[in-house]
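Trainee: Could you walk me through this model with me asking as we go?
Mentor: Gladly, let us start once it is on the screen.

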Amino acid sequence: MDHGQQGTRAPDRVLVYGAYGHTGRFVIAELLRRGHEPVLSGRDPARLAALGAAHPGLETRAAAVEDTASLQNAMTGVAAVINCAGPFLDTAREVAAAAVRAGAHYLDVTAEQPAVRATYDEHADSARAAGVAVVPAMAFYGGLADLLATAALGDWASADEIAVAFGLDRWWPTEGTRTTGRRNTTRRLVMTGGRLTPLPDPPPERSWEFPGEFGTQDVVGVPFSEIITMARHLRAAEIHSYINLAPMRDIRDPGTPPPEAADESGRSSQRFVVDVAVRKGTSLRRMSAAGRDIYAVTAPLVCEAVTRLLDGRSGRTGVAAPGEAFDAADFLDALSPGTLLVQRS
């Protein structure tokens, strides 16, 4: 596909699987803002029809992961596929395979470590042979930390330790998040001594000095999909992720409500910061990204990735982590200060 002459060619068609979900709706809006043509898809025909009625100019294609023919038909004529339908343990394998067979780039927004590991194991060769990229975890959990760590590492070939800390003022979980939590019971992994190993039980706790409004807080080890992506392409003996305690209390409370829109874009008022510290000997590099609404911010992250795949700024094929597929520093700069406030120290 020729991606030159951006202003004169037809928009690229990007299939959004799980389009009617909470994150999927943000992704549709961001694709439209960027001049792409979303194709709406998902497993529930009724919810898909309702979404299509709200977007009368967009095509809808119902497809179930257990129905290979319907899933493959949904991929016809699209340049890329964004999978927003969790739990990704139940969808990533089939949706990624169908995208690769159709010659379309595949991206998803999973925080699930087992789903990312399976994507690497099952699609690396086929995606490379098809000349397309498969980029898992291109989201708030996973991709953002991977990009920050890659940019912070910079010209260092390796590091002794990469530590990621997520600071959320609160966590209003979507129903999809709760469903994924019930489905994903595999023990989480961290990188210790250069090897992926199970997170200790009980998980480690420490104090973390966040930048800005979050200040110093107690955090607990809760690794997400960024551990798997970073372990695949960044050389570090230790890779760990932590989160502050307040959002963990929220997500463990069945009475915590889902996100509520605080403006016309649909974003909630939730605030976050992701802080990454990369240590080599006595030298320390840090990068952070702050913003609003962990679900909404996934849309510009994954849509920036799609745009770069389609316009040729990434020539990567096969399965690649976000920091492998893209110029991490340039990618983050493109989203700051509008979507994120990125700081280096």
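**A hairpin, its neighbours and some rings**

Mentor: In the hairpin of β13 and β14, which has 2 residues between the strands, Gly-281 takes a positive phi near 65°. Strands here are DSSP runs of E with at least two residues, helices are runs of H or I with at least four, and both are numbered from the N terminus.

Trainee: What should I know about the source before we go on?
Mentor: This is a predicted model, in which local features need pLDDT of at least 70 and side-chain atom pairs count only at pLDDT 80 or more, while totals for chains, interfaces and linings use all residues. Residues are numbered from 1 along each chain as its sequence is written, and side-chain values use heavy atoms, with hydrogens and water left out.

Trainee: Why is β13 called largely enclosed?
Mentor: Because 7 of the 10 residues of β13 (residues 271-280) are buried, the strand is largely enclosed by the rest of the structure. Buried means under 20% relative accessible area, exposed means over 50%, and partly exposed lies in between, with a 1.4 Å probe and protein chains only.

Trainee: Switching to rings, how many aromatic pairs are there?
Mentor: The structure holds 11 aromatic pairs. Among them, Phe-140 and Tyr-141 are edge-to-face, at 4.7 Å centre to centre with 75° between the planes. Rings of Phe, Tyr and Trp (its six-membered ring) pair if their centres lie within 6.5 Å, and planes under 30 degrees apart count as stacked, over 60 as edge-to-face and the rest as tilted.

Trainee: Last one, which charged end sits over the ring of Trp-156?
Mentor: That of Arg-285, at 4.0 Å from the ring centre of Trp-156, where the criterion is NZ of Lys or CZ of Arg within 6 Å of the ring centre and within 35 degrees of the ring normal. Arg-206 likewise lies over the face of Tyr-242, 5.2 Å from the ring centre.

Methods
Two strands pair if DSSP finds at least two bridges between them.
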